[in-house]
Amino acid sequence: MYAVVIGGGKVGLNLTRELLAKGTEVTLIESRRDRYLRMDAELGFVVQYGDGTELWVLERAGIQRADLVVAVTGDDEDNILICQIARDKYQVDRFISRVNNPRNRQYFELLDIRPAFSATDLILRLIEHEVPDYGLVHLLDLPEEQLEVIEIVVCEGCRAAGLEVQQLELPEGSIVISVLRDEGGFVPKGDTVIYAGDEVLVCLDPGLESQVTALFEAAK
Amino acid sequence: MSFVLIVGSGRVGSTVARNLLAAGHEVSVLDGDPLSHERLDAGQDSTWEGAGGRFTIGQAIERDALVEAGIENADVFIASTNGDNTNLTIAQIAQKMFNVPRVMVRVMDPARAEWYSAQGLETICPTSYAVQMFEKALELPKEGS
């Protein structure tokens with residue numbers, strides 16, 4: 001596999017190191033001269049100096065044969081342009097972009113640049129997971145695969161409390177993949193009983209969320 | 001008369017803004033730097049607002065700023081900030097999110113200007129014009145002839 005990484009900040013540099021360690025062929029493009037020189041001492045020919053939104057710089061890095069393009073500059077417009085050009089001009093099938101400002105996520109979606117990862121969003125999810133004030137947490141979205149994983153607190157008096165997993169009237173296209181109880185987690189079997197206070201991880205098709213959560217929310 | 005929104009009030013943006021206003025169009029300018037407003041007033045008999053112009057301070061990429069500057073009613077959108085990638089991104093936002101009928105975008109890099117022009121954006125590349133002017137002045141033969 002050949003990966004082209006654009007942006008040699010903390011994310012880009014560490015990602016490049018990890019990919020190299022896994023045996024992946026990588027080129028890292030950095031536009032700041034001082035950063036480039038520092039990384040050149042460590043990574044040598046892997047790092048190229050240039051503006052990764054210029055076509056000739058991308059071509060010099062061999063974007064035409066890239067299997068993966070990773071846009072992790074600190075500028076969202078640059079990341080959008082890089083992915084757009086990689087996809088539409090150079091027919092790169094796989095690309096991943098960083099969203100620096102979560103408010104710009106709408107533009108990545110508008111221009112169909114997916115997946116786009118935002119560190120802010122990822123940390124926010126971890127906070128939601130760690131702080132049990134939230135009834136429902138989105139743990140993972142896999143839009144390409146049409147799957148989501150959510151975490152739900154089982155409320156006192158809800159329809160699911162006291163039932164075995166196999167008795168739950170979960171909609172077609174959803175399954176309980178894990179139960180978190182007493183500081184531990186386990187994979188349930190059909191006869192595992194769900195109690196109020198448990199947290200359950202459910203894997204589901206997008207769009208089923210409200211049907212699934214209805215089972216675990218307190219009756220109104 | 002049409003309503004023109006110009007994002008980026010540098011030398012190009014501010015001059016186009018003034019000329020459009022003088023020609024009787026409704027003009028709104030958006031720029032992140034309050035000082036850029038002075039460019040619109042410099043050497044004029046009246047202030048920009050006094051002459052009927054609109055000015056909004058805000059980041060080009062911020063949806064709220066674009067709305068405040070009137071993008072929802074714009075007939076023409078001109079992206080003329082000093083960043084090519086910002087211009088190309090906001091031009092596509094104007095086109096695809098706000099359905100502005102005519103979108104024009106300033107792109108300094110000829111390669112990106114050419115490619116995005118082929119993708120359906122109305123790009124203007126000052127670099128290409130400058131090259132042509134020099135070549136004409138030096139009486140170089142035209143490329144391909």
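Predicted model: local features only at pLDDT ≥ 70, side-chain atom pairs only at ≥ 80, totals over all residues.
**Entry 1: overall form of chain A**

I began with the secondary structure and found 7 helices and 11 strands in chain A. I then looked up the radius of gyration of chain A, which is 22 Å. The globule rule gives 17 Å for 220 residues, so chain A is more spread out than a compact globule. I also took the box along the principal axes: the C-alpha atoms of chain A fill roughly 65 × 30 × 30 Å.

**Entry 2: domains**

I checked how chain A is divided. The domain assignment gives domain 1 as 1-116 and domain 2 as 129-212. I noted 37 Å between the C-alpha centres of domain 1 and domain 2 of chain A.

I turned to the record next. An unreviewed UniProt entry lists "domain: RCK C-terminal" for residues 137-218 of chain A. In the model I find this span to be 37% strand and 10% helix. Its end C-alpha atoms are 17 Å apart.

**Entry 3: burial and contacts in chain A**

I looked up burial: 32% of the 220 residues of chain A count as buried. I then took the contacts in chain A with a separation of 6 or more, and 56% of them join residues 24 or more positions apart.

**Entry 4: nonpolar cores**

I asked which residues have the most contacts inside the largest nonpolar core. They are A:Val4, A:Val5, A:Val69, B:Leu5 and B:Phe77, in a core of 66 residues. Helix α4 of chain A, residues 76-88, supplies the largest share of this core, with 6 residues.

I followed A:Val5 further. Neighbours within four places in sequence aside, I find A:Val5 in contact with A:Gly12, A:Leu15, A:Thr16, A:Val26, A:Leu28, A:Val70 and A:Val72.

I also noted a second, separate core of 17 residues. Among its members are A:Ile152, A:Ile194, A:Val200 and A:Phe216. As background, I wrote down that nonpolar side chains tend to be buried together in soluble globular proteins.

**Entry 5: where chain B touches chain A**

I looked up the contacts between the chains: 14 residues of chain B are in contact with 13 residues of chain A. On the side of chain B that touches chain A, the elements giving two or more residues are α4 (84-96) and α5 (110-118) of chain B. I asked which element gives the most to this side. I found that α4(B) does, with 7 residues. By class, I list 6 nonpolar, 5 polar and 3 charged residues on the side of chain B that touches chain A.

How values were computed
Residues numbered from 1 in each chain as written. Chains lettered and ligands numbered in written order. UniProt positions renumbered as here; feature names shortened; annotations may be inferred. Helix = DSSP H or I, 4+ residues; strand = E, 2+ residues; numbered from the N terminus. Contact = placed C-beta atoms within 7 Å. Nonpolar A, V, L, I, M, F, W, Y, C, P; charged D, E, K, R; others polar. Domains from an automatic or database assignment. Rg over C-alpha atoms; globule rule 2.2 N^0.38 Å. Buried ≥ 20, exposed ≤ 12 C-beta atoms within 10 Å, placed from the backbone. Core = buried A, V, L, I, M, F, W, Y, C linked by C-beta atoms within 7 Å.
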